Amino acid sequence: MVETLVELGGEPLEGEIGAPAPTLVLDLEESRVAGYGGLNRIMGTFSLAEDELRFGPLATTLIAGADDAMTREHAFLDALARVTSYALNGSSLILLAGDDVVARLAC
């Protein structure tokens with residue numbers, strides 16, 4: 001199932017910035033993650049144990065784009081690097097670093 005970023009760092013995703021919203025697809029059987037940062041493809045691994053979630057290592061393609069889109073993509077990747085756990089709320093996947101919400105994705 002594709003999860004689309006709707007909130008980053010406690011802020012709703014900005015409107016159109018010249019790039020689609022970032023997405024993630026978690027393959028629970030293979031412990032692999034794939035997605036799109038807004039400009040570049042994301043691929044890598046994750047570990048999941050009860051409510052603990054950690055991403056990495058992650059790799060991306062290297063396509064440049066508009067400054068706003070690149071800034072958002074880098075912030076998203078930085079957020080993924082900080083994730084330590086998750087919560088589910090309805091159709092939302094909430095990514096946490098300790099008690100801080102770093103990102104919210106929805107399907």
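The radius of gyration used here is taken over C-alpha atoms, and the rule for a globule is 2.2 Å times the number of residues to the power 0.38. With 107 residues, that rule puts a compact globule near 13 Å, and the protein has 13 Å, so the two agree. The model is a predicted one.

**Overall form**

The C-alpha trace spans about 40 × 25 × 25 Å along its principal axes. The accessible surface of the protein comes to about 6100 Å². Carbon and sulfur atoms hold 52% of that surface. Of the 107 residues, 36% are buried. Among the contacts with a separation of 6 or more, 40% are made by residues 24 or more positions apart.

The secondary structure consists of 1 helix and 9 strands. Their order along the sequence is β-β-β-β-β-β-α-β-β-β.

Which strands pair with β4? Strand β3 (residues 23-27) runs antiparallel to β4 and is joined to it by 5 bridges. Strand β5 (residues 41-49) also pairs with β4 in the antiparallel sense, over 5 bridges.

Both pairings are hairpins. Between β3 and β4 there are 4 residues, and Ser31 in that turn has a positive phi of about 55°. Between β4 and β5 there are 4 residues, and Gly38 in that turn has a positive phi of about 115°.

Asp27 has Arg32 in β4 as its bridge partner. Tyr36 is partnered by Arg41 in β5. Val25 has a bridge partner in β4, namely Ala34. Val25, which lies in β3, also stands opposite Val2. On the level of whole strands, β1 and β3 pair in the antiparallel sense over 3 bridges.

The two faces of strand β4 (residues 32-36) can be told apart by cover. Val33 and Gly35 make up the covered face, while Arg32, Ala34 and Tyr36 make up the uncovered one.

**Val83**

Where is Val83 placed? Val83 sits in the loop between α1 (67-82) and β7 (85-89). Is Val83 buried or exposed? Its relative accessibility is 2%, so Val83 counts as buried. Leaving aside residues up to four places away in sequence, Val83 touches Leu53, Arg54, Phe55, Leu95, Leu96 and Val102. Val33 is 50 residues away from Val83 along the chain, and the C-alpha atoms of the two are separated by 14 Å.

**Side-chain pairs**

How many salt bridges are there? The count comes to 2 salt bridges, and the table gives both.

| Salt bridge | Closest N and O atoms |
|---|---|
| Arg104 and Glu7 | 3.3 Å |
| Arg54 and Glu52 | 3.6 Å |

Arg104 forms its salt bridge with Glu7. This pair links distant parts of the chain, with Arg104 in strand β9 (residues 100-106) and Glu7 in strand β1 (residues 2-8), 97 residues apart. What is the relative accessible area of Glu7? The value is 17%, and Glu7 is therefore buried, as buried means under 20% relative accessible area. Arg104 has 21% relative accessibility and so counts as partly exposed.

In the salt bridge of Arg54 with Glu52, Arg54 is partly exposed, with a relative accessible area of 39%. Glu52 is partly exposed too, with a relative accessible area of 37%. Arg54 is also one of the residues that Val83 touches.

The count of aromatic pairs comes to 1. Phe46 and Phe55 form this pair, with 6.4 Å centre to centre and 55° between the planes, and the pair is tilted. Phe46 and Phe55 are both buried. Like Arg54, Phe55 is among the residues touched by Val83.

Terms used: Residues numbered from 1 in each chain as written. Predicted model: local features only at pLDDT ≥ 70, side-chain atom pairs only at ≥ 80, totals over all residues. Heavy atoms only, no water. Salt bridge = Lys/Arg side-chain N within 4 Å of Asp/Glu carboxyl O. Buried < 20%, exposed > 50% of the residue type's maximum accessible area, 1.4 Å probe, protein only. Phe/Tyr/Trp six-rings, centres within 6.5 Å; stacked < 30°, edge-to-face > 60°. Contact = heavy atoms within 4.5 Å. Areas by Shrake-Rupley, 256 points an atom, 1.4 Å probe, with all protein chains shown as cover. Pairing = 2+ DSSP bridges.
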